[in-house]
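Here are some notes to read alongside the model, written for someone meeting it for the first time. Please keep the structure open as you go through the points.

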Amino acid sequence: MSGPQQGIEMEDTLSPAFHAALAEVRQVRASGTIPSAAQMASIYDNASPAQLEAWGYDSAPTLAQHQQQIDVINFTLAENKRSGIFVQSDVFCGKCGASSAPESKKLKYCGGCSTLLYCGKDCATADWAEHKLKCAILRSQHDKALEVHKAHGGQEKGFNKKIHRTAAWFADLPGLRNEVMLTAWKHRSESPYIHAYTSPDDVDGSALQITVMSRSLWGVDRDRDIIGRLREIYDSSSFCADKDYMCAYTVKHSSPTHDQVTKLIKMPFNGTAIQGGTIVEALTAATRSEDLADAFAYVKASNTEITAGLMLRNIRNLSMVFHGIVTPHNCIPAPTRAINTEVAAMILHGMQLEVDICLMGLRSAAHLNGRNAVIRERDPANVDRWKARLDDGECVSVKAINFVLTHHGEFKRKSP
């Protein structure tokens, strides 16, 4: 029997109890929650010795070990959200980047400009040498915007909240932060600011558009206050195009009687997100061992040891399923188009970015070969597969061996 068939046969010989436990866990994960320790233990307790060995275990982990893993995963998710590995709030301290003050207290505005937020007196004092150069300008811009807001019926008390509610709405859109950041990184030599804008009736971000405004096009923007602030920030000695980027979030009203709400933000590039995008481009361009090694290192560095171990074991198992190649524990599988595609899709999916694919090599559904699709999620019924939505709305379940990524240099957030 051939190698690939042997890999599939090993999966098929697992007990019905194993398949039932696995289906239950997949269903829980599909609902967006983390399985319990007992649910995870049921999978391992019903796995064959050969499957446990393939996963890197001599025997099934205990219930306590599963609970420890789940506690670590929960902690990691909370830490990632706090530190901004993939998602970071736009309401943060202007000096240290914290999203809240000590003891979870609210951030406070600078008394001069009423624009920049700080977590406390220490950060405000430490940032004053730089902030004093633009505090008066920000005060003037704030006052002008407030005048417009009040002229259209708004109240002064709720003005800052309105601005930050706008920023929070944009920040909550899945993948938008990474799309904006990776776009800014690609065009950083052009001194750009990335303008994301939508209409006030946009609920899920489906109407949102993104424009790259390089410095040569700044004069096209009619908001002179924004252009003035951009010039002041880009020309300051503290701005570094390889470390920082500028973005503006705007809610545009079609009626001239309503004021536009714009939030202009200076943000630091996130090294994890930039590295993720770079690795995806390398994986889709060639099948080199060093690119897959970089991807494995990225997964290890951006996750806890336990979470990374589970993800990498899955890749090794897929190498066996796709190609019949057994990869020893702690080793990196041989790079192939299917394995590289699987890892690239996994990274993009984790960053909440669109995974555009083209189907190929299908036998029982050969009529779908050549069709374009977008990956939506892991197939909850089969961890080896992805659920993808075709351009006509039909959904299919496919393995990475049956599609290629059609990434063309621009990263896009997941569509609603």
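1. A word on contacts to begin with: two residues are in contact if they have heavy atoms within 4.5 Å. In this chain, residues 24 or more positions apart account for 58% of the contacts with a separation of 6 or more.

2. Before going further, some ground rules. This is a predicted model, in which local features need pLDDT of at least 70 and side-chain atom pairs count only at pLDDT 80 or more, while totals for chains, interfaces and linings use all residues. Residues are numbered from 1 along each chain as its sequence is written, and side-chain values use heavy atoms, with hydrogens and water left out.

3. Now the overall make-up. You will find 14 helices and 11 strands in the chain; these are DSSP runs numbered from the N terminus, with helices (H or I) of at least four residues and strands (E) of at least two. Of the 416 residues, 44% are buried, where buried means under 20% relative accessible area, exposed over 50%, and partly exposed in between (1.4 Å probe, protein chains only). The accessible surface comes to about 21200 Å², and carbon and sulfur atoms own 53% of that. These areas come from the Shrake-Rupley method with a 1.4 Å probe, and for residues only the protein chains shown count as cover.

4. Is E3 largely enclosed by the rest of the structure, or open to the outside? Six of the six residues of E3 (residues 193-198) are buried, so this strand is largely enclosed. Both of its faces are covered: Tyr193, His195 and Tyr197 are buried on one side, and Ile194, Ala196 and Thr198 on the other.

5. Next, the partners of E3. Strands of a sheet pair through backbone hydrogen bonds, either parallel or antiparallel. The test used here is that two strands pair if DSSP finds at least two bridges between them. E3 runs antiparallel to strand E4 (residues 209-213), joined by five bridges, and Ala196 stands opposite Ile210 in E4. With strand E5 (residues 244-251), E3 pairs in the parallel sense over six bridges; there, Thr198 faces Val251 as its opposite residue.

6. Five strands form it in the order E10-E9-E8-E7-E11, with antiparallel pairing. Its edge strands are E10 (395-399) and E11 (403-405), each pairing on one side only. From one strand to the next the twist averages 45 degrees, with axes taken as lines fitted to C-alpha atoms (for helices, over the stretch in contact) and angles running from 0 to 180 degrees between N-to-C directions.

7. You can walk through this sheet strand by strand. E7 (residues 355-359) and E11 are antiparallel, with three bridges, and Cys358 stands opposite Val404 in E11. Four bridges join E7 to strand E8 (residues 372-378), where Val374 is the bridge partner of Asp356. E8 in turn has five bridges to strand E9 (residues 385-390), and Ala373 has Leu390 as its bridge partner in E9. A hairpin joins E8 to E9 through six residues.

8. The aromatic side chains come next. The structure holds four aromatic pairs, counted when the ring centres of Phe, Tyr and Trp (its six-membered ring) lie within 6.5 Å; planes under 30 degrees apart are stacked, over 60 edge-to-face, and the rest tilted. Trp185 and Phe269 make an edge-to-face pair, 5.0 Å centre to centre with 80 degrees between the planes. The pair links distant parts of the chain, 84 residues apart: Trp185 is in helix H9 (residues 176-186), and Phe269 is in the loop between strand E6 (261-268) and helix H11 (271-285).

9. Is Phe269 buried or exposed? Phe269 is buried, because its relative accessible area is 13%. Trp185, at 25% relative accessibility, counts as partly exposed. Ring pairs link Trp185, Tyr245 and Phe269 into a cluster.

10. Finally, look for charges over rings, which means NZ of Lys or CZ of Arg within 6 Å of the ring centre and within 35 degrees of the ring normal. Arg188 lies over the face of Trp185, at 3.7 Å from the ring centre. Arg378 lies over the face of Trp386, at 4.0 Å from the ring centre.
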